[in-house]
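Subject: The structure we talked about

Hi,

Here is the structure I promised to pass on. Have a look at it first, then read on for what turned up.

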Amino acid sequence: MSAETEKSAAAPAPAPAPAPAPFRCQRIGCDAVFTDEDNPDGSCHYHPNGPMFHDGMKEWSCCKQRSHDFSLFLAIPGCATGKHTTEKPVTKAVSLNTKKAALPKAAPIQSSKQGVESEACSRCRQGFFCSDHGSQPKPQKPVAANGTNTEPVAKSSVPQPKKKVDLNEPRICKNKGCGKTYKEKDNHDAACEHHPGPAVFHDRNRGWKCCDIHVKEFDEFMEIPPCTKGWHNADAV
């Protein structure tokens, strides 16, 4: 065997090229991880238009899907398809007040001298938290005139059956502001960063009651960092 042959046989094989780094899609409603080599047309499902907020209702202006619960609202699947992108879209939240401007105004609400402003506010009347007037006391239940006991019957003390969870099964945390995929074996009391809530929407302001941060734009609201650490929870309401 020649010297050149021995050198070529002893030389190590070239290292394989590193795999391309994955990116996270920035379209609203998608949030998937992709690479440039794995990004076919139609793989991204997103909302092309911004959300609309009015009182307790949240609605996507592009597909008219709506929900009162903020977590369920964010879980509404995107109505448009395309390719994933790392460019953050510019969307603005639209108030439903502009669409309802042409509707006839309701008759003025008759209220007492105390709490006139809070009773005229639609959010306060429905029992939602209002950043302008604060939380409102819940109405007292009327007392029965015949003196009968009106207390609700105690619920059954039989415990609910516990749900069996695979420690290695990937689960998605449903805590507000988290949404990460985790395994129960890696879960601990500081694994999740989230907002205990609730989310507050009033007029053009949106924010979180837990950390008392309020912004104007929906994109800025989505970027508010979580203020609490705790356990991941895939069964959060």
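This is a predicted model: local features need pLDDT of at least 70, side-chain atom pairs count only at pLDDT 80 or more; totals for chains, interfaces and linings use all residues.

Lys 64 sits in the loop between strand 5 (57-60) and strand 6 (66-67). Its phi is positive, about 65°, although Lys 64 is not a glycine. Lys 64 is partly exposed, at 46% relative accessible area. Asp 212 also has a positive phi without being a glycine, near 55°. You'll find Asp 212 in the loop between strand 13 (205-208) and strand 14 (213-215), and with a relative accessible area of 59% it counts as exposed. One more backbone detail: the peptide bond between Gly 197 and Pro 198 is cis, with omega about 0°. Pro 198 belongs to the loop between strand 11 and strand 12.

Now for the charges. Side chains of opposite charge can pair when their charged atoms come close. How many salt bridges does a search of the whole structure find? There are 5. One of them joins the side chains of Lys 88 and Glu 223, at 2.7 Å from N to O. Lys 88 is in the loop between strand 7 (80-82) and strand 8 (94-95), while Glu 223 is in the loop between helix 5 (218-222) and strand 15 (228-230), so this pair ties together parts that are 135 residues apart in sequence. Lys 88 is partly exposed, at 43% relative accessibility.

Then take a look at Arg 171, which is linked with Glu 184 and Asp 235 in a network of salt bridges. Between Arg 171 and Glu 184, the closest N and O atoms are 3.7 Å apart. That pair links distant parts of the chain, 13 residues apart: Arg 171 is in strand 9 (residues 170-172), and Glu 184 is in the loop between strand 10 (181-183) and strand 11 (192-194). The bridge from Arg 171 to Asp 235 comes in at 3.6 Å, N to O. Because Asp 235 lies in the segment after strand 15 and Arg 171 in strand 9, this pair ties together parts 64 residues apart in sequence. Is Arg 171 buried or exposed? Arg 171 is buried, with a relative accessible area of 11%.

On to the inside. In soluble globular proteins, nonpolar side chains tend to be buried together. The largest nonpolar core here has 14 residues, and Trp 60, Phe 70 and Phe 221 touch the most other members. Helix 2 (70-74), strand 12 (199-202) and helix 5 each supply at least two residues of this core. Leaving out residues up to four places away in sequence, Phe 70 touches Lys 58, Ala 199, Phe 201, Trp 208 and Phe 221. A second, separate core has 6 residues, including Cys 30, Phe 34, Cys 44 and Ala 80.

The largest pocket holds about 1500 Å³. Its lining has 42 residues, and those nearest the centre are Asp 31, Leu 74, Cys 178, Gly 179 and Met 222. By class, the lining has 22 nonpolar, 9 polar and 11 charged residues. Helix 2 and helix 5 turn up here too, each giving at least two residues to the lining.

Cheers

Note on methods:
Residues are numbered from 1 along each chain as its sequence is written. Side-chain values use heavy atoms; hydrogens and water are left out. A salt bridge is a side-chain nitrogen of Lys or Arg within 4 Å of a carboxyl oxygen of Asp or Glu. Helices (H or I, at least four residues) and strands (E, at least two) are DSSP runs, numbered from the N terminus. Buried means under 20% relative accessible area, exposed over 50%, partly exposed in between (1.4 Å probe, protein chains only). A nonpolar core is a set of buried Ala, Val, Leu, Ile, Met, Phe, Trp, Tyr and Cys residues joined through side-chain atoms within 4.5 Å. Contact means heavy atoms within 4.5 Å. On a 1 Å grid over the protein atoms alone, a cavity is a set of points where a 1.4 Å probe fits but cannot get out, and a pocket is an open set with protein on both sides within 12 Å along at least five of seven lines; lining residues have an atom within 4 Å of a point. Grid points are joined across faces, edges and corners, and a volume is the space filled by probe spheres set on the points. Ala, Val, Leu, Ile, Met, Phe, Trp, Tyr, Cys and Pro count as nonpolar, Asp, Glu, Lys and Arg as charged, and the others, Gly among them, as polar.
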